[in-house]
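Q: Can you walk me through this model? I'd like the strand layout first, then the overall picture.

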Amino acid sequence: MEYTEKVIEHFSNPRNVGEIPDADGVGVIGSAECGDVLKVWIKVADEHLVDIKYRVFGCPAAIAACSVMTELAMGKHIDDAYKLTDARVAEALGGLPDNKYHCSNLAASVLHKAIANYFFKRPDRNSTITITILVDDSGSERFASEHGLSFWVECADRAVLFDTGQSDIIVRNARLLGINLAEAESIVLSHGHYDHTGGLCAVLDIAPQATVYLHPAALKPKFGRKNNKTRAIGISDSTKEMIISRAKNGKVIWTQMPTEVATGLFVTSRIPRITDFEGASSSFFVDKDCHNTDTFPDDQAMFFDSPNGLVVLLGCAHSGVANTLHYVARLSGEKRIYAVIGGMHLLNASAERIERTIEAFRQYDVQRIGPAHCTGNNAIEKFERAFSEQCFTCSVGMRIDL
Ligand SMILES: [Zn+2]
Ligand SMILES: [Zn+2]
């Protein structure tokens, strides 16, 4: 197949060639196959691509593909631009010869990289990030434990609290660990269960200036069903009232989309369920009669870059650990994840589900795995067998340098 007229026209008269010196996002891609190198710069205003420029060192198909890609993506909302595919680029060029098809593939991919780069601004690569476990199901003589989770995340001069456990033991444990909760700039709630939100009022007494980040669905009623008994497991009424009154004062940010909670530290917002082995659990509901399953639109993970690579913090991972990793990889543009730490909710998971979760860790070449809180001993044993010393068990008081 020869080049189409459209390819020849774009190659002879390529649109939007050049560079953007103060770009908001940059993507680079090289193809080992034909030696092409593509670099794309984007300028974003109000979530829309207001400018796209590129440089290509490659064949006519690569140049034509970049040119037509800029026409397809210019002016679009970044979410829509992210949906642009290699197939769409090739189609807009009236088709490409089979042996040149990968060039159009690169044009969409390099745009995706630039968008990920825009979204995912890295913290200072030299500053270590430290996670301290303030609340977990596993404690010690020194530190009280409870069914719940809370991580203190410190990076350079910033401190973020991820979840608050279920009571005020978070305050006592923080004091014993020499952590000043008043320094919390942001408090992220991973979802609306009592064991992640119950300590919020106690923390806000100490850190009244902190901004709280949560998905609005976290405020919905939530119920758990176990052994034919139903109990309310959502956010307590007094905590809900506190959140609503703070929202009126602008101290709450509803995470309806991926959000930066402090420089370089992000929260995912709702996690798409794309795997076929991590469906909604049959134990959680949003009504007392247990007719409507809780699909956890409020479930969100935290993620950030560290000097060693990407780190993911999980609350309970009710959306599924693999779904969470897939989404974080998509949002960050990374193919590898350095560490995954937190509750993985695999207590009653099938052997197949645990096995496929292990496969997901392998897919992203995860180097450090810290199961905590609701992961369950069965899954932890299997992780230890699969990853030996790369897997460590979390407990209150542990500090993890990343
Ligand atoms: Zn939960
Ligand atoms: Zn939990």
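Q: What do E16, helix H10 and E17 make?
A: E16, helix H10 (residues 321-332) and E17 form a β-α-β unit, and it is right-handed. Right-handed here means that, with the strands pointing away from the viewer, the path from the first strand over the helix to the second runs clockwise. Helices (H or I, at least four residues) and strands (E, at least two) are DSSP runs, numbered from the N terminus.

Q: Before going on, what kind of model is it, and what are the ground rules?
A: This is a predicted model: local features need pLDDT of at least 70, side-chain atom pairs count only at pLDDT 80 or more, and totals for chains, interfaces and linings use all residues. Residues are numbered from 1 along each chain as its sequence is written, and chains are lettered from A and ligands numbered from 1 in the order in which they are written.

Q: Back to the strands. In which sense do E16 and E17 pair?
A: Parallel, over four bridges, with strand E16 covering residues 309-314. Two strands pair if DSSP finds at least two bridges between them. Val 312 has Val 340 in E17 as its bridge partner. Leu 314 stands opposite Gly 342 in E17.

Q: And on to E18, how many bridges join E17 to it?
A: Five, and E17 and strand E18 (residues 368-372) run parallel. The chain gets from E17 to E18 through helix H11 (residues 351-363), again as a right-handed β-α-β crossover. Gly 342 stands opposite Pro 371 in E18.

Q: What about E15 and E16, parallel or antiparallel?
A: Antiparallel: five bridges join strand E15 (residues 302-306) to E16. The two strands form a hairpin with two residues between them. Ser 306 has Gly 309 in E16 as its bridge partner.

Q: How many residues of E17 are buried?
A: Five of five in strand E17 (residues 339-343). For E16 the count is five of its six residues. Buried means 20 or more other C-beta atoms within 10 Å of the residue's own, exposed means 12 or fewer, and partly exposed lies in between; C-beta atoms are placed from the backbone.

Q: New topic. Where is Asp 163?
A: Asp 163 is in the loop between strand E6 (158-162) and helix H6 (169-176).

Q: Buried or exposed?
A: Asp 163 is buried, because 32 other C-beta atoms lie within 10 Å.

Q: What is Asp 163 in contact with?
A: Leaving aside neighbours within four places in sequence, the contacts of Asp 163 include Leu 149, Phe 151, His 196 and Gly 315. Contact means that the two C-beta atoms, placed from the backbone, lie within 7 Å.

Q: How far apart are Asp 163 and His 112?
A: 31 Å in space, C-alpha to C-alpha, and 51 residues in sequence.

Q: Zooming out, which domains is the protein chain divided into?
A: Domain 1 (5-119) and domain 2 (129-401). The bounds come from an automatic or database domain assignment. Their centres, taken over C-alpha atoms, are 37 Å apart. Four residues from domain 1 and four residues from domain 2 take part in the contact.

Q: And the whole chain, how many helices and strands?
A: The protein chain has 12 helices and 19 strands. Of its 402 residues, 47% count as buried. The C-alpha trace spans about 70 × 45 × 45 Å along its principal axes.
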